[in-house]
Amino acid sequence: NCGVRPDGGEERIRAEVPDIAMRQTLGIGPDTAVFVVERLARSSNVAVEWRLSTIRADRFSFRANWEGADVLG
């Protein structure tokens with residue numbers, strides 16, 4: 001909408017045990033974990049988006065693709 005497209009950034013995903021208020025918001029019981037996703041997106045090395053999301057772990061999956069000989073460092 002604003003004409004700026006991210007061309008890089010970073011995302012951190014961590015598992016957490018949600019507090020009562022978050023469990024109620026997400027409609028989950030005490031035995032369901034969540035993932036917290038923190039993202040910083042950049043365009044031409046300038047921060048253009050920061051987001052913090054809490055996602056039900058029972059409805060989330062990860063997918064990763066990689067290429068090249070230097071994948072493992």
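1. Glu11, Arg39, Glu49 and Arg51 are linked in a network of salt bridges (a salt bridge being a side-chain nitrogen of Lys or Arg within 4 Å of a carboxyl oxygen of Asp or Glu). The model is predicted: local features need pLDDT of at least 70, side-chain atom pairs count only at pLDDT 80 or more, and totals for chains, interfaces and linings use all residues. Residues are numbered from 1 along each chain as its sequence is written, and side-chain values use heavy atoms, with hydrogens and water left out.

2. Because Arg39 belongs to strand E2 and Glu49 to strand E3, the pair ties together parts 10 residues apart in sequence (strands are DSSP runs of E, at least two residues, numbered from the N terminus). Arg39 is partly exposed at 31% relative accessible area, as is Glu49 at 29% (buried means under 20%, exposed over 50%, partly exposed in between; 1.4 Å probe, protein chains only).

3. Strands E2 (residues 34-43) and E3 (residues 46-56) pair in the antiparallel sense over 10 bridges (pairing requires at least two DSSP bridges between the strands). Phe35 stands opposite Ile55 in E3. The two strands form a hairpin with 2 residues between them, and Ser44 in the turn has a positive phi of about 50 degrees.

4. The whole structure contains 7 salt bridges. One of them joins Glu38 and Arg12, with the closest N and O atoms 2.6 Å apart. Glu38 lies in E2 and Arg12 in strand E1 (residues 8-16), so this pair connects parts 26 residues apart in sequence.

Methods:
Helices (H or I, at least four residues) and strands (E, at least two) are DSSP runs, numbered from the N terminus.
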